[in-house]
Amino acid sequence: MGKRRGGRELLRGLSKRQKKHLREFGEEHPFHDKLLLLLLLHLCFPFQSEDSDKSSAESDSETEVEQVSVYHKLLATLKTSPESESEEEEDESESEEAEESEAEMDSEGSQETGEADGGEEDKNDVPEEEEGTTDTAEQTLGGEQEDGADTSCDPRHGVTEEFTDVKHESEFSLETNFMEEESGDCNTDTRDGNPFKQHMDKELEEKEIEKMSTLSKTSSQSQWPRLGRVTFSSTLEKHKTLKADKEVDVKQLYLHKPLESTWPKVNKQFLSSVNKPSDSSFSPLQRELFSVMNTYRDLFYPERNALTNGEEIRHAYCLHALNHVLKANAQVLSNNAKRRDQKPGTGTDDYRDQGLTRPKVLMIVPFRECALRIVHIFISLLEVNDKKKIDVSNKKRFKGEFGSDPEEKPPNLKRPEDYEAVFAGNIDDHFRIGVAILQKSMRLYAPFYSSDIIIASPLGIRTVIGAEGEKKRDFDFLSSIEILIIDQADIYLMQNWEHVLHLMKHINLLPLDSHGVDFSRVRMLNLNNWSKYYRQTLLFSALQDPQINSVFNKHCFNYSGQVAVRNVPLTGSISHVVVQLPHVFRRLEAESVTAVIDARFQFFISKVLPEYRDAIMSHTLIYVPSYFDYVRLRNYFKKEDLNFTHICEYTKKAAVCRARRFFLKGEKQFLLFTERFHFYKRYTIKGIRNLIFYELPTYSHFYSEICNMMKATDNGVDATWTCTVLYSKYDAQKLAAVVGIDRTAQMLQSKKNVHLFVTGEN
């Protein structure tokens, strides 16, 4: 409390413009720095240069006093205009009013959680430009900076120039290092049945490439004990059914030597006493997931849950990624020693062991906290015991930039458990970092072209790739990616899905520059531009969504095939609604997926909205998942001069407080409410009596959360509560997640409206 009061005392002495600049940039505006202003004035008036030349021998303190005496009259003329003063007073009073209103309406606390919250309520209710878009690929990848030179900015403000470790370049170079004799890893990758060698050494023929490009995939289904219904699709392997391994022995997984001993210790927290002695290193879920990963097939698992199995999955794919990198690097280092010892004039085609660029694994995660946990898992897997610690370059810097301060989080912030799990730690979503691993050492902040693993957010990688027409852009480092891991894909639907699509369009393309590669060591699959047919994609999400399914089906070309978990929900989130509420599901017809957007809008304004125009149907909340639909509805409501207010993810906090207060008191009949705002804030909206889902929510549990907000209304009458849901035949997955698979089948077959009544006991 003392720190907060001290901060408020400092803010009271600032004007409106100073406060605004402090919020946006984290520092006071240079205009208010008198010493800096003196320097600017000195540059603007060159007639002072003679005096400065004559007094070059004088001390700095004397010069400063002289400058102040020369310009004090000019400084005295810099005053704030009366108009700006009145604006400051008005803004300050509005902010105080918003804070008071927030304290009254949101008893559980609604402090900022770090998301972008700028924009105007009425005039500029549009997304702000993504932070850090001025970042260039040259600044990121061409880092020729001295080690220890701190050129990175505060993560909250976007990265304008990043630190890269150049000091340890030679130590982690694959070209100049050799396999250590005492490591005993030279023969690790030569064992028969090694999945790494089987996958990477297979030579595809032109006919097979043509088949994968033209023919459709054949699918087969099987039931696994833990994953459930598993679908295997492939063009080259037909009519093959995958079976789950009942037991897994670590020694049979062909793990790189140090991982065989470290994995059981690192993964011990997820194991229970139920596990058999022969299967003591994997949980049931990890065993089945890793058995698929280790065959180098693509994998889509849409049941990732941050509360239950999120960390289990993270450990499993970290083991697979690190195992792949260690094997690949060991092969290169071993061949380096063989080339060094071979006689002159001997052929070199036997040593094709690398791609056109060094990065092998790309890991896409939503927040810095995720990257922090991944690196910690890597370190734990590489440390054989407490006595043999691995050397990690720039570890302290990494913890400072990717870690979080527990005191930053307000103590009275109460949110659902899943919210706390997703938004734990540092939730900055603009970052990227290269990781190089060589035998017993790890290098953080490695330049991309010297990295084995790249960990980045969609926004972080997007600003490096750039857009067509930009002079400074780079995506050559994506040319030889062998494993692509996209974790928590559902969160990117709430951020910007276009960044993911942009990445998929630029991965595994032929590089525009050679980047110093030795072409005699490059695999033929890379030279033939067949990298995408060897790339393994691991996709993890909390839900099944058409956009996520599209990426897996249209951008994954692995010749080994694709494995997708396709379980269907039996009950649905409607069973978690605790208030007695009639649910009316109204079906709309559309000719195609693209036509459903306009069809939904016309159906809403012509058939649904007229029923709610009456003053009796007050306190109506309209839940809108798409921001574009929200803007369209907002503009229509303004045109029709309806009594409404609106809240979206870009609405200022003060405007949010006003909208919630107006809606609670009934001063506004309608409240337009976006899904992304609910995702990032999870505020409880009080005063809801009528609820309209303009479209089914992306997250099924949001349906029950929004419905249960009605119980927060003290003076509400249960009999007057209503809930209307709009859906089409293209919403089958979302509908099944809400009402269950059986009801979904009935609703899609019938074209009539469906009325459901939930008693709170379902």
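This is a predicted model: local features need pLDDT of at least 70, side-chain atom pairs count only at pLDDT 80 or more; totals for chains, interfaces and linings use all residues.
Me: Quick overview first. How many helices and strands does the chain have?
Reply: The chain has 28 helices and 18 strands. Of its 762 residues, 52% count as buried.

Me: What share of the contacts with a separation of 6 or more comes from residues 24 or more positions apart?
Reply: They account for 77% of those contacts.

Me: Now confidence. What is the mean pLDDT of the chain?
Reply: The mean is 80. Residues with a pLDDT of 70 or more make up 72% of the chain.

Me: Where does pLDDT stay under 50?
Reply: Residues 128-160 are one such stretch. The model still gives that stretch 82 contacts beyond four places in sequence. Residues 181-188 are also below 50. For residues 181-188 the model has 13 contacts beyond near neighbours in sequence.

Me: How should I read coordinates where pLDDT is low?
Reply: Not in detail.

Me: On to H11. Is helix H11 largely enclosed or open?
Reply: Enclosed. Helix H11 spans residues 284-293, and nine of its ten residues are buried, so the rest of the structure largely encloses it. The buried set runs Leu285, Gln286, Arg287, Glu288, Leu289, Phe290, Ser291, Val292 and Met293.

Me: What do the buried residues of H11 pack against?
Reply: Strands and helices both. The strands are S1 (218-224), S3 (298-301), S10 (536-540) and S11 (562-565). The helices are H10 (257-266) and H12 (310-341).

Me: Stay with S3. Which residues of S3 are buried on each side?
Reply: Asp298 and Phe300 are buried on one side, Leu299 and Tyr301 on the other. Both faces of S3 are covered.

Me: How many bridges join S3 to S11, and how many join S3 to S10?
Reply: Three bridges join S3 to S11, and the two run parallel. S3 and S10 are also parallel, joined by three bridges.

Me: Which residues stand opposite leucine 299 and tyrosine 301?
Reply: Leucine 299 faces valine 563 in S11. Tyrosine 301 stands opposite phenylalanine 540 in S10.

Me: Switching to H22. Which residues of helix H22 are buried?
Reply: H22 covers residues 596-608. Its buried residues are Val596, Ala599, Arg600, Phe601, Phe603, Phe604, Ile605 and Val608.

Me: What covers the buried residues of H22?
Reply: The cover includes strands S12 (581-587), S13 (620-624), S16 (690-693) and S17 (722-727). Helix H23 (627-639) is also part of that cover.

Me: Is cysteine 723 buried or exposed? And cysteine 657?
Reply: Cysteine 723 is buried, at 0% relative accessibility. Cysteine 657 is buried too, at 1%.

Me: Arginine 676: where is it found, and is it buried or exposed?
Reply: Arginine 676 is in helix H25 (residues 675-681). It counts as buried because its relative accessible area is 17%, and the cut-off is under 20%.

Me: What is arginine 676 in contact with, leaving aside its neighbours within four places in sequence?
Reply: Met494, Gln495, Glu649 and Tyr650. The arginine 676 side chain reaches the backbone oxygen of methionine 494 at 2.7 Å. Glutamate 649 is 27 residues away from arginine 676 in sequence, yet the C-alpha atoms are 5.9 Å apart.

Me: Which side chain makes a polar contact with the side chain of aspartate 428?
Reply: That of arginine 368, at 2.6 Å.

Me: Last one. Where is asparagine 526 found, and what is it in contact with beyond four places in sequence?
Reply: Asparagine 526 is in helix H19 (residues 524-527). It is buried, with a relative accessible area of 4%. Its contacts beyond four places are Gln354, Gly355, Leu356, Ser480, Leu510 and Ser531.

Terms used. Residues are numbered from 1 along each chain as its sequence is written. Side-chain values use heavy atoms; hydrogens and water are left out. A polar contact is a pair of N or O atoms within 3.5 Å; within protein, one must be able to donate a hydrogen and the other to accept it, and residues adjacent in sequence count only if both atoms are side-chain atoms. Buried means under 20% relative accessible area, exposed over 50%, partly exposed in between (1.4 Å probe, protein chains only). Helices (H or I, at least four residues) and strands (E, at least two) are DSSP runs, numbered from the N terminus. Contact means heavy atoms within 4.5 Å. pLDDT is the predictor's confidence in each residue, from 0 to 100. Two strands pair if DSSP finds at least two bridges between them.
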